[in-house]
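Colleague: I'm new to this one and would like to learn how to read it. Could you put it on screen and walk me through a few features?

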Amino acid sequence: MATSGKAARDAKAPARDGAETKLRKKRRAAFVRAAARIFLKKGYEGTSIDDITRRSGGSKATLYSYFESKERLFEAVMVEELRRRATATFAMLDGARDGDGEADPETVLRAVGTRFINLLLEESSRAFMTISMHEAEKFPNVGRAFHESGPQVVHDHLAALIRRAVERGELHADDPLRAAEQFCLLCQTGLILPFLVRLIDRPGPEQIARSVNAAVDVFMAAYGCGGKRGDRASIATGPATVDGDAAARAPAASGPWAVAGTSSSS
């Protein structure tokens with residue numbers, strides 16, 4: 001009889017452990033959600049553990065059983081929120097395909113660039129970037145968590161897409177990750193920094209499209225394998241060459257722009 005009772009208790013143990021694990025996850029998620037709202041509203045320094053426990057309905061003891069400090073809680077908020085958003089940036093790519101697989105690089109780059117810029121232009125993204133830059137010197141892990149959970153996720157996903165395009169002969173890039181980083185920076189030109197420091201309001205769809213289209217043009221000029229815009233291999237792999245007729249038509253350079261071995265017209 002005792003043996004059968006023990007067997008019954010053992011049989012219930014996995015279910016009980018599963019319920020406890022689910023409850024712990026739920027409580028932890030409640031702390032993270034509450035902390036995210038308050039951090040974004042008050043900043044890191046302006047947020048207290050008391051603020052978070054009041055908002056979440058939990059206790060300090062329970063919170064510290066999940067996170068050893070406010071810094072660790074802030075890291076968790078950034079990692080989970082930014083990773084979720086960065087990963088979602090690529091969710092639309094399932095639709096950016098043609099009948100033979102992935103769409104051409106320019107189509108994919110425009111889709112990724114537009115979604116990436118819209119992600120950076122969210123008020124919550126601006127708040128996370130501002131807090132991270134402000135706190136990075138004091139708490140290096142905060143800056144690292146921001147980069148690895150946001151920009152790095154986007155760079156890694158885009159690098160994988162570029163690598164596949166290289167394998168298909170559509171792009172040439174010896175370092176797909178560097179190419180991905182360069183494209184993301186090109187998309188931000190004239191938009192993100194002015195927005196971060198509040199020199200401009202949130203750019204509209206037309207401004208975003210112009211910036212992304214320009215970034216795609218520059219990227220394809222450097223990494224494209226010819227086609228619509230001609231041969232661009234020389235831009236990425238070596239110094240550009242000029243055909244003889246074009247060289248003859250070009251005015252000679254003078255002053256600081258003169259190239260060694262040339263002279264200006266007298």
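This is a predicted model: local features need pLDDT of at least 70, side-chain atom pairs count only at pLDDT 80 or more; totals for chains, interfaces and linings use all residues.

Colleague: Okay, is R126 buried or exposed?

Modeller: R126 is buried, because its relative accessibility is 5%. You'll find R126 in helix α6, which covers residues 123–135.

Colleague: And which residues is R126 in contact with, leaving aside neighbours within four places in sequence?

Modeller: Those would be L120, F195, L196 and R198.

Colleague: What about D174, buried or exposed?

Modeller: With 86% relative accessibility, D174 goes down as exposed. Look for D174 in the loop that links α8 (151–167) and α9 (176–188). Also, 49 residues along the chain separate D174 from Y223, while their C-alpha atoms are 9.5 Å apart.

Colleague: Which residues make the nonpolar surface patch?

Modeller: L193, V197 and L199 make that patch, and its area is about 340 Å². Take L199: this residue sits in the loop between α10 (192–196) and α11 (205–223). L199 counts as exposed because its relative accessible area is 67%.

Colleague: Now pockets. How much space lies in the largest pocket?

Modeller: About 270 Å³. Its lining has 15 residues, and M129, F146, H147, P151 and Q188 are the ones nearest the centre.

Colleague: Which helices each supply at least two residues of that lining?

Modeller: α5 (105–120), α6, α7 (140–149), α8 and α9 each do.

Methods:
Residues are numbered from 1 along each chain as its sequence is written. Side-chain values use heavy atoms; hydrogens and water are left out. Helices (H or I, at least four residues) and strands (E, at least two) are DSSP runs, numbered from the N terminus. Buried means under 20% relative accessible area, exposed over 50%, partly exposed in between (1.4 Å probe, protein chains only). Contact means heavy atoms within 4.5 Å. Patches are made of residues with over 30% relative accessible area and no salt bridge: like charges are joined within 9 Å, nonpolar side chains (Val, Leu, Ile, Met, Phe, Trp, Tyr) within 5 Å. Accessible areas come from the Shrake-Rupley method with a 1.4 Å probe; for residues, only the protein chains shown count as cover. A salt bridge is a side-chain nitrogen of Lys or Arg within 4 Å of a carboxyl oxygen of Asp or Glu. On a 1 Å grid over the protein atoms alone, a cavity is a set of points where a 1.4 Å probe fits but cannot get out, and a pocket is an open set with protein on both sides within 12 Å along at least five of seven lines; lining residues have an atom within 4 Å of a point. Grid points are joined across faces, edges and corners, and a volume is the space filled by probe spheres set on the points.
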